[in-house]
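Subject: Structure handover

Hi,

Here is the structure I promised to pass on. Please open it alongside this note; what I found follows below.

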Amino acid sequence: MIPRIQKRGQRTLGLLHYLYGPGKYEEHTDPHLVASWDNNAPDPGRDEAATLKQLQQLLDQPLENIDASERPKKHVWHLSVRNAAEDRILTDEEWADIARRMVAAAGIDDPEQGAGCRWAAVRHADDHIHIVATLVREDGYKPDLDHDAARVQAQARALEVELGLRRLSKGDGTAAKRPTSAERHKAKRQGRERTAREKLRETVRRAVAGAASEAEFFDRLATAGLLIRKRTAPSGDLIGYKVALPDDRNKDDEPVFYPGARLAPDLSLPRVRERWSTDVCVQDPTAAEPTSHPVTGGPASARRQTASAAWTAVLRVNHAEDAVAAAYIAAAGEVLDALAKTSASYTRRELRDAAFAFERASRSHVRAERGHDRALRQAARELVHSGPALGRGEDGATTAMVIDMLFFLITAAAHWHARKDHAQQAAAARQAAEHLRAAYQAAAAQPLRALCQRGRRLGRPLLQRQTAMLRASLPELAEQILAEQSWYALAATLADAEAAGHDLAALLAGAAGQRELGTAESVSDVLVWRLRRTANLLADTSGTVTGGHTARRPVHRTGQRAPGRSGPRHKRS
């Protein structure tokens, strides 16, 4: 339930005309009164003898009891109360009770306080009501509306529990502005999946992901097809910007522009500048070394490097100071935006939804200390510059690898937010993780199947030796791993690592010790991706020729260093 106090107004009759009218887009149905200050106010919606003028005069009558000089300049108080789309449809009686409790909570008309203000609650849709009140009490005094917004929010949380409605988390003032009712109706009428505001927010976030300069940021916005208006100071310095979709027009056929700050708090020009202004200012000794230019090894190389940066970020989110952890979490959002932008069709929808959901988790009242997130921002940049990935081969397999690692980074972000009591952000991160889980399953199916086929062809003596080594190295997890479908994929990976000259016991112990494995859905999946990245093995082996148990190591193009360090993990329940 979302109560929203609108701007105060001067014309009660004008607001009533809107509430009882058809709406801007013919969206109002059956406007009628559900409650009022005395439960006896005229209802112009269902009583043919009642008029809007009569209702307005009764609402404003207390103004006549005080001198004109003492009347508030803006005496119309307006509250809308809206339920979530998935909530059940409430009855008029339930909405009437909600209205009474809301005006009491706000200080408009509390029966325990004696004389109150006159008010009326109008319903013209299944999911919400509007409450109109005059800000002069019956006794001529003005109501105490200090902290009225906080009080109606608290009342909404109590009503959600009592009525079995969707329970919203308490916010911290860092959420992006929600689309208005008019914007939602306009999008529906035009057949858009998302409102213009949401589409612009997504496009601007993709443009800023990994951008290294102001010029690059605006070039990306223009390339994405947005209309751009820049705002300059008298000195000529650029101080802001607005963007619009070319086909989103107002009634005068003019583009509807949105300032960056109205799309999201961190998309204002000053906040966007923070990302690249500190890229070289803060040294983080634990971070992967960023490069100054985009990689040349293609999408697979970019995804391997992203997996390395994401793993470092997991450790930092879990153990760093709050401002540093917040920077890594914010940069994780950039990586998700970049990955969604460059993903193949079979993972694009889930990755896009993951990025869309995680947007809320990328900000909190903990201000990010930019600069520590250089490696993740560089990874986002390289994903964008490496171009779209194919849905097969090494591109497809490294997509599974990086999604796997990002799942754990986003899960770490959810845990961090939960520890800080950031309820909305924690919920958003968990939702993003579920989308990543679905994307991983689509991306990993083919490469894991190829590895399993190779593992089943390994000789019995080799499999027996690997089984013994597994039981010695991971005694607590060995039987679970051996019973999993992906055990043969792990066996093939161990064979490849041994052929490449690695000490299997040390490699396996290191991969298993990076973080707990007991909560993973498939420990084998976790170890496959960790080992293949740590040992620098090909992620995709569907075209590899093996002689019993050997496999080629990946070939890196000139100037591209082979990614290293610890490897990715699989899904956690």
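Why is strand 7 (residues 238-244) largely enclosed by the rest of the structure? Five of its seven residues are buried, so the remainder of the structure largely encloses strand 7. Bear in mind throughout that this is a predicted model.

Strand 7 and its partners

Strand 7 pairs with strand 6 (residues 227-232) through six bridges, and the two run antiparallel. Within that pairing, Lys230 sits opposite Tyr241 of strand 7. The two strands make a hairpin with five residues between them. Gly236 lies in the turn and has a positive phi of about 95 degrees. Strand 7 also pairs with strand 8 (residues 258-259), again in the antiparallel sense, over two bridges. There, Lys242 has Pro259 in strand 8 as its bridge partner.

Overall picture and confidence

The protein has 573 residues, and 55% of them are buried. It contains 20 helices and eight strands. Its accessible surface is about 25,400 Å², with 49% of that belonging to carbon and sulfur atoms. Take the contacts with a separation of 6 or more: 74% of them join residues 24 or more positions apart.

The average pLDDT is 86, and 89% of the residues score at least 70. Over residues 280-296, though, pLDDT is below 50; this stretch has 35 contacts in the model beyond near neighbours in sequence. Residues 545-573 also stay under 50 in pLDDT. For them the model has 102 contacts beyond four places in sequence.

Five strands form an open sheet with antiparallel pairing, in the order 1-3-5-4-2. Strand 1 (2-5) and strand 2 (32-36) are the edges, each pairing on one side only. From one strand to the next, the twist averages 20 degrees. Seven bridges link strand 3 (residues 76-82) to strand 5 (residues 128-137), in the antiparallel sense. Val76 has Thr134 in strand 5 as its bridge partner.

Helices on the sheet

Helix 1 (residues 12-20) lies across strand 2, strand 3, strand 4 (117-123) and strand 5. Its direction is at about 165 degrees to strand 5. Helix 3 (residues 92-106) also packs on the sheet, where it touches strand 1, strand 2, strand 3, strand 4 and strand 5. Helix 3 makes an angle of about 45 degrees with the direction of strand 2.

Which residues of helix 1 are buried? They are Thr12, Leu15, Leu16, Leu19 and Tyr20. These residues are on the same side of helix 1 because they cover an arc of only 125 degrees around the axis. The spacing fits a general rule. An α-helix has 3.6 residues a turn, so residues three or four places apart point the same way. The cover over the buried residues of helix 1 includes strand 2, helix 2 (52-60), strand 3, strand 4 and strand 5.

A buried methionine

Met469 is in helix 16 (residues 460-473). Is Met469 buried or exposed? Its relative accessible area is 16%, under the 20% cut-off, so Met469 counts as buried. Beyond its neighbours within four places in sequence, Met469 contacts Leu494, Leu504, Ala505 and Leu508. Leu508 is 39 residues from Met469 along the chain, with 9.4 Å between their C-alpha atoms.

Best wishes

Methods:
Residues are numbered from 1 along each chain as its sequence is written. This is a predicted model: local features need pLDDT of at least 70, side-chain atom pairs count only at pLDDT 80 or more; totals for chains, interfaces and linings use all residues. Side-chain values use heavy atoms; hydrogens and water are left out. Two strands pair if DSSP finds at least two bridges between them. Helices (H or I, at least four residues) and strands (E, at least two) are DSSP runs, numbered from the N terminus. Axes are lines fitted to C-alpha atoms, for helices over the stretch in contact, and angles run from 0 to 180 degrees between N-to-C directions. Contact means heavy atoms within 4.5 Å. Buried means under 20% relative accessible area, exposed over 50%, partly exposed in between (1.4 Å probe, protein chains only). Accessible areas come from the Shrake-Rupley method with a 1.4 Å probe; for residues, only the protein chains shown count as cover. pLDDT is the predictor's confidence in each residue, from 0 to 100. The arc is that of the directions from the helix axis to the C-beta atoms.
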